[in-house]
Amino acid sequence: FQWQLVVNVLQRAEVSKRTALLKADDTVRLVKEKFQRWEDEQSVLLEEARLFELQREEEFRRQQEELLEAHREAELEMVRMQQELQRQEELNMRRRQEAIQ
C-alpha cells in the first residue's frame, strides 16, 4: 500500500514537473517573441528616422538650390537693369548733344 502511494505521489510530481516545464518554456518563448517584436519595432523606427532625415536633408538641399537660383536670377536682373540704365543715360547724352548742335 505504501509503495503504491509513493508511486502515485511520484507520478503526480512528474506531471506537475512537466506542466511547470511546459509553462516555463511557453513563458520563455513569449518573452523571446516580445523581445523580437521590440527589436523589430526599433528597427522600423530607426529606418523611419533615417528616411525622415534623408528627406529633411533633400528638402534643405532643394531649398538651398532654389535660393541660389533666385540669387542668380536677381543678379542677372540687376545686371540687365544696370545695362538698361546705362543705355538710357547714353541715349539721353546723345539727345543733349544733338540738342546742343
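E65 pairs with R61 in a salt bridge, with 2.3 Å between the closest N and O atoms; the term covers a side-chain nitrogen of Lys or Arg within 4 Å of a carboxyl oxygen of Asp or Glu. The model is predicted, so local features need pLDDT of at least 70 and side-chain atom pairs count only at pLDDT 80 or more, whereas totals for chains, interfaces and linings use all residues. Residues are numbered from 1 along each chain as its sequence is written, and side-chain values use heavy atoms, with hydrogens and water left out.

E65 and R61 sit 4 residues apart in helix α1, about one turn of the helix (helices are DSSP runs of H or I, at least four residues, and strands are runs of E, at least two, numbered from the N terminus). E65 is partly exposed at 43% relative accessibility, and R61 is partly exposed at 36% (buried is under 20% relative accessible area, exposed over 50%, partly exposed in between, with a 1.4 Å probe and protein chains only).

R29 meets D26 at 3.9 Å, N to O, and E33 at 3.0 Å, N to O. D26 lies 3 residues from R29 within helix α1 (residues 2–100), and E33 lies 4 residues from R29. D26 is partly exposed at 40%, as is E33 at 33%.

In total, the structure holds 12 salt bridges. The protein chain has 1 helix and 0 strands, and 0% of its 101 residues count as buried. Its C-alpha atoms fill a box of roughly 150 × 10 × 5 Å along the principal axes.
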